[in-house]
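Visitor: I would like to walk through this model with you, one question at a time. Could you set out the terms as they come up?

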Amino acid sequence: MAEADTVVRAEDPLDLTFSEAELDAHREHITDFVAGQLDAAGVDRAVIGLSGGIDSTLTSHLAVEALGEDAVHGLVMPSEVNRAENMSDAERVADELLGIEYDVVEINPLVDAFLKAYPDADGDQMAVGNLRVRCRAVLNYLVANHEDALVLGTGNRSEALVGYYTKYGDGAVDCHPIAPLYKQQVRQLASHVGVPDDLAEKTASAEMWSGQTDAAEMGMDYDTLDSILALHVDGGVPKSATAAHIGVPERVVEQVVEMHETSAHKRQMPPGPDPLY
């Protein structure tokens, strides 16, 4: 079945775009945050994984604005399931658009080593997909520790609220500069800071396995997800009113609520028993 047949798209999604003044305010707020995080940690460099997607592209642009190109080190970490054009875009961002230092590190040997150590997981699409993401996190921290740097994450508000990231993978970072932004706003701010349209509007994919797209995996596009999060999860608008307002069945709102609730553990520190004394 084609993705168009399985992905829900709201008839009238919520417009979450910013005004020009709001875009400028968010740009300044995020760059001040990045600089402040490094100051607080007593370091002057940042490491960021570059996927060629809009989240890492925007985050790296803002990091360079905040710190300067000499203070940002990009890592492009392809695997066998990554589309060549995405890795090319990642290098284009680092080299042509930003002029930052970057390294290309193939992660297939790391993944293969883990599967050799535990072959029972070979063929488990989700487990191996998450393994790929976690290998990238280890490399981010290897470089960051070596250079006395912080790891900048690329997670946005939409993904965080529904747990659409890998625990101890792309969630394993020192800070998430674009955390306040819904996906729709990520795209808008990216265009505002000068990210080319072909990068700002490209199809989102975590590329955990071949052919994967965010919309197909979640069952809805980001405009629909953002609308439900802003109205119902963040805004407290009743389920029925949310569904009617944006033009989706109530079950879609319920699906987002379920994703939000079942991913709560990802947004918290690992639990432990309360102290007895």
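Guide: Two strands are said to pair if DSSP finds at least two bridges between them, and helices (H or I, at least four residues) and strands (E, at least two) are DSSP runs numbered from the N terminus. This is a predicted model, in which local features need pLDDT of at least 70 and side-chain atom pairs count only at pLDDT 80 or more, while totals for chains, interfaces and linings use all residues. Residues are numbered from 1 along each chain as its sequence is written, and side-chain values use heavy atoms, with hydrogens and water left out.

Visitor: Which residues of α2 are buried, and why do they lie on the same side?

Guide: Buried means under 20% relative accessible area, exposed over 50%, and partly exposed in between, with a 1.4 Å probe and protein chains only. The buried residues of α2 are Leu 23, Ile 30, Thr 31, Val 34 and Leu 38. They lie on the same side of α2 because they cover an arc of only 90° around the axis, the arc being that of the directions from the helix axis to the C-beta atoms. As a general point, an α-helix has 3.6 residues a turn, so residues three or four places apart point the same way.

Visitor: Which exposed residues does the face of α2 turned away from its buried side carry?

Guide: The buried residues of α2 are covered by elements that include β1 (46-50), α3 (54-67), β4 (150-151) and α8 (183-192). On the face turned away from that buried side, the exposed residues are Ala 21, Glu 28, His 29, Asp 39 and Ala 40.

Visitor: Is Lys 202 buried or exposed?

Guide: Lys 202 belongs to the loop between α9 (197-200) and α10 (214-218). Its C-alpha is 9.6 Å from that of Arg 187, the two residues being 15 apart in sequence. With a relative accessible area of 14%, Lys 202 is buried.

Visitor: Which residues does Thr 17 touch, not counting those up to four places away in sequence?

Guide: Thr 17 is placed in the loop between α1 (3-6) and α2, and at 40% relative accessibility it counts as partly exposed. Its C-alpha is separated by 9.5 Å from that of Tyr 182, which is 165 residues away along the chain. The residues that Thr 17 touches are Gln 184 and Gln 188.

Key. Contact = heavy atoms within 4.5 Å.
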